[in-house]
Amino acid sequence: MQKFQPGGFLDALNSLVREYSSELYSFCAITENRTDNIPGDHEREKKTFISDQYLTESLKDANIFSGFNIGKLKIAGPLVSAPLAGISDNTFRIFSHAFGAALNFTEMISSFGLHYNNRATEALSNITSGERPCAVQIFGCVPEILLEAAQRLQDKADIIDINMGCPVPKVLKAKSGGFLLTDEGLIKKIISDIASAINKPLTIKIRLGWDKNSINVHRIVKIAENYGASAVTIHGRTVKQGFGGDADYEFIKKIKQKSNIPIIVSGDIDGPLKALQVLKYTGCEALMIGRSARGRQWIFKNILAGLDYFKKIPFPEYVRAFDYEPSVRFKKRFALMYLSSMIEFEGEARAVKQFRKYLAWIFKGVSNISRIRKDFFTVNDYEDVAKLINDIKG
Ligand SMILES: Cc1cc2nc3c(=O)[nH]c(=O)nc-3n(C[C@H](O)[C@H](O)[C@H](O)COP(=O)(O)O)c2cc1C
């Protein structure tokens with residue numbers, strides 16, 4: 001396996017995506033005739049919260065899978081790649097885009113860091129052509145400093161997004177992220193000041209509220225609408241919940257019924273059937289995928305293929321069948337391309353070190369991966385990693 005040249009990067013990636021599509025479709029052609037490949041009743045109970053019959057009947061003519069607009073910006077499909085601190089870097093976004101995400105997000109960028117000219121902070125907002133459209137997400141709590149950050153980044157970004165949902169203690173202590181949900185007046189000021197001062201669409205990413213006794217997502221979406229935001233992403237949990245429990249789509253559905261701007265749903269979307277169910281149930285324009293896309297961006301292709309197939313043959317069983325785990329052969333190619341891209345952006349030493357966590361995500365379920373992971377702590381460059389990956393059986 002050769003390291004590819006920087007110039008041919010996107011071509012090589014697109015050819016990998018084509019290879020994956022043919023693997024996926026040939027697998028699903030088999031499942032059409034072999035019902036034994038479709039998960040059994042136990043699996044179905046776990047994953048289904050809307051009856052198959054309801055979905056089949058209600059979605060026959062639905063056109064919920066095409067694009068939508070955020071302000072004047074056309075978003076070409078229903079899938080969005082999530083902001084993930086420490087993960088949604090250039091490589092993550094390039095791979096998300098190539099496998100079918102219609103919109104990317106940078107990780108959250110500190111407005112204070114920008115204010116104090118921190119170069120590492122500023123670098124997080126660098127976007128390359130293979131990642132667009134891409135929202136640049138900022139966080140903070142002082143309206144003037146957030147405004148300054150938005151103005152400074154607007155020429156790089158396709159959208160400016162403000163984080164109003166992060167539950168990390170350090171961020172909450174700084175009265176930022178999810179803490180903002182406790183002050184609707186402040187949210188009003190932040191949105192109206194920024195929306196009227198920038199030439200790109202402004203969006204916000206929120207949770208249902210601070211805790212279950214102070215759910216205010218409905219009021220915040222109205223504030224967003226009335227004061228100039230062009231879309232809202234809602235993670236279906238409260239700030240206090242962190243990542244515990246299940247995402248609650250019921251609130252989001254009710255809000256969508258009354259909202260005039262696009263709503264993107266976030267939380268626990270982990271495959272084609274769940275995607276279909278949540279799109280249908282909430283009536284929202286798009287779904288954001290976070291943890292399930294880490295090192296596994298083929299999930300975007302799986303979901304798009306499942307939704308597309310459902311338009312032709314509206315049986316949820318077949319959508320479920322697109323929940324496909326790629327061959328080990330494909331995963332090896334994917335892994336080495338991912339690493340090559342990380343090296344281009346971050347340099348070899350740092351990229352190889354960072355790549356360790358991706359191995360587990362990419363090769364999930366592959367039998368000899370734990371031994372390889374141990375060996376991984378001894379490698380320092382691309383060639384060593386390539387040797388290890390080529391040793392993976394399958
Ligand atoms: C490691 C990690 C980092 C995250 N970083 C951010 C972030 O920088 N900005 C943000 O708005 N949300 C962030 N989130 C939240 C995700 O964008 C998403 O809303 C959440 O994980 C729920 O979606 P999921 O179930 O698809 O992962 C992060 C989540 C995780 C797990």
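Visitor: What percentage of the 394 residues of the protein count as buried?
Guide: This is a predicted model, and burial is judged here by whether 20 or more other C-beta atoms lie within 10 Å of a residue's own. Among the 394 residues of the protein, the share that count as buried is 45%.

Visitor: How many helices and strands does the secondary structure come to, and what share of contacts between residues at least 6 apart in sequence join residues at least 24 apart?
Guide: The secondary structure of the protein comes to 18 helices and 11 strands. Among contacts between residues at least 6 apart in sequence, those that join residues at least 24 apart make up 70%.

Visitor: Which residues is Leu287 in contact with, leaving aside its neighbours within four places in sequence?
Guide: Leu287 is one of the core residues that touch the most other members. With its neighbours within four places in sequence left aside, the contacts of Leu287 are Pro78, Leu79, Val80, Val265, Ile269, Ala275, Val278 and Leu279.

Visitor: Which residues surrounding the ligand are the closest, and how does the shell divide into nonpolar, polar and charged?
Guide: The shell around the ligand divides into 9 nonpolar, 8 polar and 4 charged residues. Of the 21 residues that surround the ligand, the closest are Ala82, Pro83, Met108, Gly290 and Arg291.

Visitor: Which peptide bond is cis, with omega near 0°?
Guide: Most peptide bonds are trans. Pro133, which sits in the loop between helix 6 (119–123) and strand 6 (134–139), is reached through a cis bond, with omega near 0°, that runs from Arg132 to Pro133.

Visitor: Does Asp268, with 20 C-beta neighbours inside 10 Å, count as buried or exposed, and what is its phi?
Guide: Asp268 is found in the loop between strand 10 (263–266) and helix 12 (272–282). Because 20 C-beta neighbours lie inside 10 Å of it, Asp268 counts as buried. Although Asp268 is not a glycine, its phi is positive, at about 70°.

Visitor: What is the phi of Lys175, and how many C-beta neighbours does Lys175 have inside 10 Å?
Guide: Lys175, in the loop between helix 8 (169–173) and helix 9 (184–195), is a residue other than glycine with a positive phi, near 60°. Lys175 counts as partly exposed because the number of its C-beta neighbours inside 10 Å is 14.

Visitor: Within what arc do the buried residues of helix 10 fall, seen down its axis?
Guide: In helix 10 (residues 217–226), the buried residues are Val217, Ile220, Val221, Ile223 and Ala224. Seen down the helix axis, they line one face of helix 10, because they fall within an arc of 155°.

Visitor: Which elements do the buried residues of helix 11 pack against?
Guide: Tyr249, Ile252 and Ile255 are buried in helix 11. These buried residues line one face of helix 11, because they fall within an arc of 120° when seen down its axis. On the other side of helix 11, Glu250, Gln257 and Lys258 are exposed. The packing partners of the buried residues of helix 11 are helix 10, strand 9, strand 10 and helix 12.

Definitions and conventions:
Residues numbered from 1 in each chain as written. Predicted model: local features only at pLDDT ≥ 70, side-chain atom pairs only at ≥ 80, totals over all residues. Near = placed C-beta within 6 Å. Nonpolar A, V, L, I, M, F, W, Y, C, P; charged D, E, K, R; others polar. Core = buried A, V, L, I, M, F, W, Y, C linked by C-beta atoms within 7 Å. Buried ≥ 20, exposed ≤ 12 C-beta atoms within 10 Å, placed from the backbone. Contact = placed C-beta atoms within 7 Å. Helix = DSSP H or I, 4+ residues; strand = E, 2+ residues; numbered from the N terminus. Arc of directions from axis to C-beta.
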